Amino acid sequence: MADKLIIFDTTLRDGEQSPGASMTRDEKLRIARQLERLKVDVIEAGFAASSNGDFEAVKAVADAIKDSTVCSLARANDRDISRAAEALKGANRARIHTFIATSPVHMEMKLRMTPDQVFEQAKLAVRYARNLVEDVEFSPEDGYRSDVDFLCRVIEAVIDEGATTINVPDTVGYAVPELYGNFIRTLRERIPNSDKAIWSVHCHNDLGMAVANSLAGVKIGGARQVECTINGLGERAGNCALEEVVMAVKTRRDYFGLDVGVDTRHIVAASRMVSQITGFPVQPNKAVVGANAFAHASGIHQDGVLKARDTYEIMRAEDVGWSANKIVLGKLSGRNAFKQRLQELGVALESEAEINAAFARFKELADRKSEIFDEDILALVSEERHAQ
Ligand code: KIV
Ligand code: ZN
């Protein structure tokens, strides 16, 4: 049996950190229900200690969601961890995700702590969290820019304290795929108790490589959890996009050899819901969920797809929740695509000569208008008939 890749969605926590993307409790609940429909394994519902509003949102999600694990973020201190545990009380499966920064610049300039202090605090936090819930994730924030020896020391200690998942964030999106994959592998090889925890990747998209880095963390590093968000929402340039990472692992199962539990047919609905709630539009050429992701405009492509979809499609639009792929009629379209659309519209043109005449009018129109809609075709066919 293939290994399973755990999908940890953080749209409601890291996604919400995107400037202008804050969500109300009820909006978070709607998205959480859609994530449950998608069958994501873990939903990070928020950061319970950050505000009363977020506490209520995490609590509402924990009370409502039955199938996915519900998680709250918490800094590595008793107050945050207690708030997270309290908000998660109603969950069927609860996870506390505690973090502290481990990179030199974060420890010195942000936390104003020595590495030894950070080491102690990380251990105490995980120990405390493990007294409250069984499922504890630990993240060394800015892990990728941390000293590898220090990171090994911290991670080994928190696994000893009972951390069940170790997440290695590329907090500032500085990694490149091969190096990030090797980094995860090195940590796993060097830490003696590394196989007692599940390894997770969490990549930001500052250089546009969040998905590639996450996949390298899985393939090269052996991580078995990916942290991601719908539409890649998140701080600055965003997080790893759930729809892309899931479809990459599913479409290239021959390469990754992993199972993913996500019911991909709900992806497009999730994307639209998040876009509508946050007011962040999805770019048309966005992989998987963009309006053009399954649209064919060139005549050669349209002809190929009409003959066999595999010519220009590596996955099916229907598998991610689109009703169908889209043949966009315009000046690049060929006669075959035009004829097919006439059939779909129930227009029976008698002879090849009639089709040729209608096609010529269509091409004339397409030179003036960038996209030809069904109404345009019906109008030009009716004009053609009246002209005869
Ligand atoms: O990017 C990051 O480092 C985070 C952590 C809190 C996991 O979001
Ligand atoms: Zn993050």
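The model is predicted.

**Exercise 1.** Describe how α1 and helix α11 pack, using the angle and distance of their axes.

Solution. 
- Step 1. Helix α11 spans residues 267–278, and its axis comes within 10 Å of the axis of α1. The two axes cross at roughly 170°.
- Step 2. Angles over 145 degrees count as roughly antiparallel, so α1 and α11 are roughly antiparallel to each other.
- Step 3. The crossing of this pair, α1 and α11, is left-handed.
- Step 4. On the α1 side the contact is formed by Glu27, Arg30, Ile31, Gln34, Leu35 and Leu38. On the α11 side, Ile267, Ala269, Ala270, Met273, Val274 and Ile277 take part.
- Step 5. Sorted by class, the contact of α1 with α11 has nine nonpolar, one polar and two charged residues.

**Exercise 2.** At what angle do the axes of α1 and α2 cross, and which residues meet?

Solution. 
- Step 1. Helix α1 covers residues 25–38 and helix α2 covers residues 52–64. Their axes come within 9 Å and cross at roughly 30°.
- Step 2. The crossing of α1 with α2 is right-handed.
- Step 3. From α1, the residues Arg25, Lys28, Leu29, Ala32 and Arg33 meet Gly53, Glu56, Ala57, Ala60, Val61 and Ala64 of α2.
- Step 4. The contact of α1 with α2 has six nonpolar, one polar and four charged residues.

**Exercise 3.** Classify the packing of α6 and α7 by their angle.

Solution. 
- Step 1. Helix α6 (residues 148–160) packs on helix α7 (residues 177–190) at an angle of about 55°, and the axes are 10 Å apart.
- Step 2. That angle makes α6 oblique to α7.
- Step 3. α6 and α7 have a right-handed crossing.
- Step 4. Val148, Leu151, Cys152 and Ile155 of α6 make the contact with Thr186, Leu187 and Arg190 of α7.
- Step 5. By class, the contact of α6 with α7 divides into five nonpolar, one polar and one charged.

**Exercise 4.** How much of the annotated domain is helix, and how much is strand?

Solution. 
- Step 1. The unreviewed UniProt entry carries the annotation "domain: Pyruvate carboxyltransferase" for residues 5–268.
- Step 2. Over residues 5–268 the chain is 44% helix and 19% strand.
- Step 3. The end C-alpha atoms of this stretch are 21 Å apart.

Methods
Residues numbered from 1 in each chain as written. Chains lettered and ligands numbered in written order. Predicted model: local features only at pLDDT ≥ 70, side-chain atom pairs only at ≥ 80, totals over all residues. UniProt positions renumbered as here; feature names shortened; annotations may be inferred. Helix = DSSP H or I, 4+ residues; strand = E, 2+ residues; numbered from the N terminus. Axes fitted to C-alpha atoms, helices over the stretch in contact; angles between N-to-C directions. Parallel < 35°, antiparallel > 145°, perpendicular 65-115°, else oblique. Left-handed = near helix turned anticlockwise from the far one by under 90°. Contact = placed C-beta atoms within 7 Å. Nonpolar A, V, L, I, M, F, W, Y, C, P; charged D, E, K, R; others polar.
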